[in-house]
Amino acid sequence: MSIAATGRRVAVEVGRAGVDRVRRRAGLPRCAADLGPADLARVLGRPVTGVSPLDGTTGTTDRARLAVEGPGLPPTVFVKTAAVDAGTRLFGGLARLGEVEVGFYRDVRPGLDLRAPRLLGATFDRGTGRFVIVLEDLAAEGAVFCDTLSRLSVDQTAAVLSTLARLHGATHANLPRVPWLGTNSGDALLPLISGTLPRLAAKVAERAPEMVPSDAAPLLRGYRRWASTLDEGPHSVLHGDPHPGNVYLLGEDGAGLLDWQAVRRGNPLRDVTYHLVLGMAVPDRRAHERDLLAHYAGELAAHGGPDLDADECWRRHRRMAAYAYVAAVFTSGLGGLQNAEIADAGLKRAGVAVADLETVALVG
């Protein structure tokens, strides 16, 4: 992608910020907990007679559980809106987080047999970039939420890979033709991200040099050059960010995925490797990654995807670890996107993985 495309993306978001300032007293609320009955009624398309915030968190988006009242409504819902912090909101706009997630639930989710939250209503304001996404409240259903500090078992990891295989298999020969669904290497932000990676790595190295070893530096310096190689091969719809914080467990053998805001199209092994590298403790990954890749390959074929050759699958897995490392450096170095301890834990796992898998020799 050209610098001009990056400039256009930045210009759009700066323009949206200006429009948003003008509409400060109108339009969508500034945070999820501020949604009132009239706001939710417009999004849901049905009467809402009462709303009370229960709890919430903030990060790349603002999130809240709300108690709601109205005919035919569940007792509680989960709501996502644009980030409250101006800088984080600008990042979210540049990354099109709201637009992509609304697009996923509108254009892709309805046709999938997939463990993912059920959409109740959504809206995206193209003028300001603000959005509201109303989902079923998984906490009320007894879901258990994970993060990178959690130690997912081998069986739980296999369940996540089965969910990814359902997504990848169903969309392998049925990619939706929608403007919001792009590739990682075709993203207009690629030049910007690639240019900042060495500086972000240096920032991490100031406090923890062991997390960004010099041997892995070629992956950061060459990201813009090698990014397109990871998109080679047949494409499916990808979750795009299946780290443990976007995983929930429901029942003894069920694993679902949250936060469909980084959805892309690309080689499905990108999702698989990303989860194995960031989701598993290093000893578990080393001991079980080949078996888990075989499990995924079997599930993918069973759900309409291509048959993957074991050797080719292993080679691609070793290369795809490069993206997990780049993403972890970006998250840890930028700060504010995840809890710092969680971000650093992911980076440590990714750094070990690219060394174990000799990824630099294949990519860098």
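Predicted model: local features only at pLDDT ≥ 70, side-chain atom pairs only at ≥ 80, totals over all residues.
**View 1. Strand 2 and strand 3 form a hairpin.** Strand 2, which covers residues 61-69, pairs with strand 3 in the antiparallel sense, and seven bridges hold the record of that pairing. Six residues lie between the two strands of the hairpin, and in this turn Gly70 has a positive phi of about 160 degrees. Within the pairing, Ala64 stands opposite Val79, a residue of strand 3. In general, the strands of a sheet pair through backbone hydrogen bonds, and the pairing may be parallel or antiparallel.

**View 2. Strand 3 also pairs with strand 5.** Strand 5, made of residues 131-136, runs antiparallel to strand 3, and five bridges join the two. Strand 3 is mostly covered, since six of its seven residues are buried.

**View 3. Helix 3 packs against several neighbouring elements through its buried residues.** In this helix, which spans residues 86-94, the buried residues are Thr88, Arg89, Gly92, Gly93 and Leu94. The elements that they pack against are helix 1 (3-22), strand 3 (76-82) and helix 4 (97-108). At the start of helix 3, Asp85 places a side-chain oxygen within 3.2 Å of the backbone nitrogen of Gly87. Just after the helix, Arg96 takes a positive phi of about 60 degrees.

**View 4. Three strands form an open sheet in the order 6-8-9.** The pairing in this sheet is antiparallel, and its edge strands are strand 6 (144-145) and strand 9 (255-257), each of which pairs on one side only. Strand 6 is joined by two bridges to strand 8, which consists of residues 247-249, and here Phe145 has Tyr248 of strand 8 as its bridge partner. Helix 5, formed by residues 154-171, packs on the sheet and touches both strand 8 and strand 9, while its direction makes about 50 degrees with that of strand 9.

**View 5. Asp259 lies in the loop between strand 9 and strand 10.** Strand 10 covers residues 264-266. Although Asp259 is not a glycine, this residue has a positive phi of about 50 degrees.

**View 6. Glu358 lies in the loop between helix 12 and helix 13.** The phi of Glu358 is near 50 degrees, which is a positive value in a residue other than glycine. Is Glu358 buried or exposed? Glu358 counts as exposed because its relative accessibility is 51%, and the term exposed applies to values over 50%.

**View 7. Helix 10 passes helix 12 in a right-handed crossing.** The axis of helix 10, a helix of residues 282-302, comes within 10 Å of the axis of helix 12, and the two cross at roughly 35 degrees. On the side of helix 10 the contact is made by Val282, Arg285 and Arg286, and on the side of helix 12 by Arg349, Val352, Ala353 and Asp356. Sorted by class, the contact has three nonpolar residues, four charged residues and no polar ones.

Terms used
Residues numbered from 1 in each chain as written. Heavy atoms only, no water. Buried < 20%, exposed > 50% of the residue type's maximum accessible area, 1.4 Å probe, protein only. Helix = DSSP H or I, 4+ residues; strand = E, 2+ residues; numbered from the N terminus. Contact = heavy atoms within 4.5 Å. Polar contact = N/O pair within 3.5 Å; in protein donor to acceptor, adjacent residues only side chain to side chain. Pairing = 2+ DSSP bridges. Axes fitted to C-alpha atoms, helices over the stretch in contact; angles between N-to-C directions. Left-handed = near helix turned anticlockwise from the far one by under 90°. Nonpolar A, V, L, I, M, F, W, Y, C, P; charged D, E, K, R; others polar.
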